[in-house]
Amino acid sequence: MIRRNCISLLAVLGGIVTAAAGDFPLTFRTIPAKDVMAFGGGSGSYGMLSLTKPAEVKKEPKAVSAHALYGQCRESRDAAAFLFRLDESKGDGKGYDRLIVDMNQNGDLTDDPVIERAVLSKEREETPPDQVLWGPIPAPAGQKVAGGRPVYFAQTYIFNGELLRRDLGTRNANIPIGQLRLKAGWYLETTVELNGVKQKVGVYDANSDLRLGAGPQAVTYTNRGEKVWYFTDGDSLLVDADGSGTFDNDVFQSESCAFGPIVYLGATPYKVALAADNTSLRVEPWTEALAEVSLMPHGDQVRSVTLAWEQPDASWQLIRAGTADGKIKVPPGNYRLYACDLLGKAALREQVMASGYQRTPRKPVSFAAGKGNSLPCGAPLEIKVTAQKAKPKLPGFLFREPTDSKVDSEFDLSIDAEVVGAGGEVYSTYLKKEKSWERPPKPTFTIADAQGKKVKDGNLEYG
């Protein structure tokens, strides 16, 4: 079930190395249960929990609970779904303690193992009581990758539990009761050695579809009259960029990137071919022509950019390009800016890192080899603030507006702020490098009247 795929790798640890290609054997690794959901490289696939049984369920064991919960998770509309059911073995209202996932995807829940809650050495205090980890969930019998049998874990979160105590009736049986998240608990690992330089890399089933080699897919839709796009999770290449010996995870996904024909460590691209039997990676330098692109106007502050690269079939491939002296090197072609990571110039403990996305699919920019190319992104950052005054809603079966108000104090004031970069990307994630990247203080604001007198101040709680 594992597909062949080509990706790129630069084997670097402390410098750029030019070397001939080599084949490096892959080793199957599993992830401890307590670490799976925080493992970098992708978020897995999701499905909603409800009382409605999907039509795809052809056969199932008899449920004990009168409120058995069903669902199916898939990474995209065209992907094959994994059906699942939650049951209460001790009776209705006693708590969900049995999970079945249709891992062989045949619609029959009687030939899949019953999964219990994952055994953790210590429950984390911050875990909500209605959030449960299940597993390990083995891949179908006989399926192996690089000598190991893939395993997965599921996390369920019941957020509408009170509805189970009501008589929902058939008309409302499809109301979401919770959510299930399925995530891979395995990856493939190797150590690349070229000219005496070692680099640990991995391959991860980031979209949890029992396959390797799937790239991210672009999804475009219209929201309030505006065209918006995003990329679904494909699979990931993991890179131990800092030499820590592990694949670290942070909000910027610094040690993982999407599968594709090119990937960067530092600012130099290399190629990798995943063997047809998934037992090795073949590493070689990127030898085709590259276009040099200057990041404007402050490229020295850009840590990396993620670009969507237009393919001959009109599809889009995500690549993350590292920078050197405010420039990147990419294959010639048409591109759109998708994401940008900035690193402020300051003392190590005071550095601030910001990440932004361009969700509007703008007209592609063409980059050519041997010519001057530029891409606007990053600073200066513009803060766009909008405010809206509205009458507050009164509680009740139907929300009602109060009677006519005469003074501003009887209105709700909604303030929205966007931090926009030079390429139109909107920044929403910030970290400060102190105690290994912590969030900086929340932005503050002051409201003044027409005469400049302060009316109110505070901070942006969700900004």
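This briefing walks through the sheets, nonpolar cores, aromatic pairs and cysteines of the structure above. The model is predicted, so local features need pLDDT of at least 70, side-chain atom pairs count only at pLDDT 80 or more, and totals for chains, interfaces and linings use all residues. Residues are numbered from 1 along each chain as its sequence is written, and side-chain values use heavy atoms, with hydrogens and water left out.

**Sheets**

Strands are DSSP runs of E with at least two residues, numbered from the N terminus. Two of them pair if DSSP finds at least two bridges between them.

- Strands of a sheet pair through backbone hydrogen bonds, either parallel or antiparallel.
- Strand 9 and strand 10 (residues 151-158) run antiparallel and are joined by six bridges. To find one of these bridges, look at Gln131, whose partner in strand 10 is Tyr157.
- Another open sheet has three strands in the order 24-21-28, and its pairing is mixed. Strand 24 (327-330) and strand 28 (373-377) each have a single partner strand, so one side of each is left without a neighbour in the sheet.
- Strand 21 (residues 291-297) pairs with strand 24 in the antiparallel sense over four bridges. Here Glu292 stands opposite Lys329 in strand 24.

**Nonpolar cores**

A nonpolar core is a set of buried Ala, Val, Leu, Ile, Met, Phe, Trp, Tyr and Cys residues joined through side-chain atoms within 4.5 Å. Buried means under 20% relative accessible area, exposed over 50%, and partly exposed in between (1.4 Å probe, protein chains only).

- The largest core has 55 residues, and Leu99 and Ile137 have the most contacts inside it. Strand 12 (residues 186-194) gives the largest share of this core, five residues.
- Ile137 touches residues including Leu99, Val101, Pro150 and Leu182, not counting residues up to four places away in sequence; contact means heavy atoms within 4.5 Å.
- A second, separate core of 24 residues includes Val302, Ala321, Cys340 and Cys377.

**Aromatic pairs**

Rings of Phe, Tyr and Trp (its six-membered ring) pair if their centres lie within 6.5 Å; planes under 30 degrees apart count as stacked, over 60 as edge-to-face and the rest as tilted.

- The structure holds 13 aromatic pairs. In one of them, the ring centres of Trp229 and Trp316 are 5.7 Å apart and the planes stand at 90°, so the pair is edge-to-face.
- Trp229 in strand 15 and Trp316 in strand 23 are 87 residues apart, so this pair links distant parts of the chain.
- Trp229 is buried at 1% relative accessible area, and Trp316 is buried at 13%.
- The rings of Trp309 and Tyr335 have centres 6.0 Å apart and planes at 15°, so they are stacked. Trp309 is buried at 12%, as is Tyr335 at 1%.
- Trp229, Phe231, Trp316, Tyr338 and Tyr357 form one aromatic cluster.

**Cysteines**

- There are zero disulfides in the structure; a disulfide is a pair of cysteine sulfur atoms within 2.5 Å.
- Cys340 is in no disulfide, and its nearest cysteine sulfur, that of Cys377, is 4.2 Å away. Cys340 is buried at 0% relative accessibility.
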